[in-house]
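Please consult the sequence and the structure alongside the text.

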Amino acid sequence: MQGFGWWGGALCVLVLLAGIYGYNRLVFNRARVAEAWSGIDVQLKRRSSLIPQLVACLKAYMAHERDTLEELVIRRGEAQAHERDGAAGRGPIEGQLSAALQRTFALVEGYPELKADAVFLDLQRNLSEVEEHIQMARRYYNGAVRELNVLVESVPSNLLAKAFGFRCAAYFALDDARDGLSPQLEF
């Protein structure tokens, strides 16, 4: 009987330590998902803050392209209205903003004097950098989500996840895969 008591106590300690380790992994991965989303959020806000400058620059050259510029402003407003949404709700809206930017830059091709404007070239470079940062942040976020979701759904960590209320996180996905492409800003 004494041997069983010792083994039983040791087994309880091991189970407790495994539970603590599993819980800490879940907490770590949940924090990493939140940190990764923060990175995406910062880049999306950077892009959003560049759009008014872009529209102001383009207005002088593209007076008869008013509908395109208005759509860009509308899409930016929608993106800002959903800044507090999570990845699942914000992905489609940001995809629409990306598509509006792509259409806007496609129209720029018909304005050679605009393509030589220093302010426009600077905005173009900044937007291109931001789009690259958004893609990198999105990949990092989706990797962090994958790690958390694997822990939440796999045995035995799913038992801890369920007991402590951990949930799968949503991937930051775009409705249309073409929306994930950076606008072609090469002139």
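Which element gives the most residues to the lining of the largest pocket? In this predicted model, that element is α1, with 5 residues. The pocket itself has a volume of about 150 Å³. Its lining is made up of Ala-18, Gly-19, Tyr-21, Gly-22, Arg-25, Leu-151, Ser-154, Pro-156, Ser-157 and Leu-160. The elements that contribute two or more residues to this lining are α1 (2–61) and α6 (157–164). By class, the lining holds 5 nonpolar, 4 polar and 1 charged residues.

An unreviewed UniProt entry lists residues 6–23 as "transmembrane region". In the model this span is 100% helix and 0% strand, and its end C-alpha atoms lie 26 Å apart.

**Aromatic pairs**

The whole structure contains 6 aromatic pairs. The planes of the Trp-6 and Trp-7 rings meet at 85° with the centres 4.8 Å apart, so this pair is edge-to-face. Both Trp-6 and Trp-7 are exposed. The pair of Trp-37 and Phe-172 is likewise edge-to-face, because the planes stand at 70°, with 5.4 Å between the centres. This pair connects distant parts of the chain, as Trp-37 belongs to helix α1 and Phe-172 to the segment after α6, 135 residues apart. Trp-37 is buried at a relative accessible area of 15%, and Phe-172 is buried at 2%.

**Salt bridges**

A search of the whole structure gives 11 salt bridges. Among them are the following.

| Side chains | Distance, N to O |
|---|---|
| Lys-45 and Asp-41 | 3.1 Å |
| Asp-41 and Arg-90 | 2.5 Å |
| Arg-146 and Glu-147 | 3.4 Å |

Lys-45 and Asp-41 both belong to helix α1, where they are 4 residues apart, about one turn of the helix. Asp-41 is buried, with a relative accessible area of 14%, whereas Lys-45 is partly exposed at 37%. The bridge of Asp-41 with Arg-90 links distant parts of the chain, from helix α1 to helix α3 (residues 87–108), 49 residues apart. Arg-90 has 1% relative accessibility and therefore counts as buried. Through shared partners, salt bridges join Asp-41, Lys-45, Arg-47, Arg-90, Glu-94 and Glu-131 into one network.

Note on methods. Residues are numbered from 1 along each chain as its sequence is written. This is a predicted model: local features need pLDDT of at least 70, side-chain atom pairs count only at pLDDT 80 or more; totals for chains, interfaces and linings use all residues. Side-chain values use heavy atoms; hydrogens and water are left out. UniProt positions are given in the numbering used here, feature names are shortened, and annotations may be inferred rather than shown by experiment. On a 1 Å grid over the protein atoms alone, a cavity is a set of points where a 1.4 Å probe fits but cannot get out, and a pocket is an open set with protein on both sides within 12 Å along at least five of seven lines; lining residues have an atom within 4 Å of a point. Grid points are joined across faces, edges and corners, and a volume is the space filled by probe spheres set on the points. Ala, Val, Leu, Ile, Met, Phe, Trp, Tyr, Cys and Pro count as nonpolar, Asp, Glu, Lys and Arg as charged, and the others, Gly among them, as polar. Rings of Phe, Tyr and Trp (its six-membered ring) pair if their centres lie within 6.5 Å; planes under 30 degrees apart count as stacked, over 60 as edge-to-face and the rest as tilted. Buried means under 20% relative accessible area, exposed over 50%, partly exposed in between (1.4 Å probe, protein chains only). A salt bridge is a side-chain nitrogen of Lys or Arg within 4 Å of a carboxyl oxygen of Asp or Glu.
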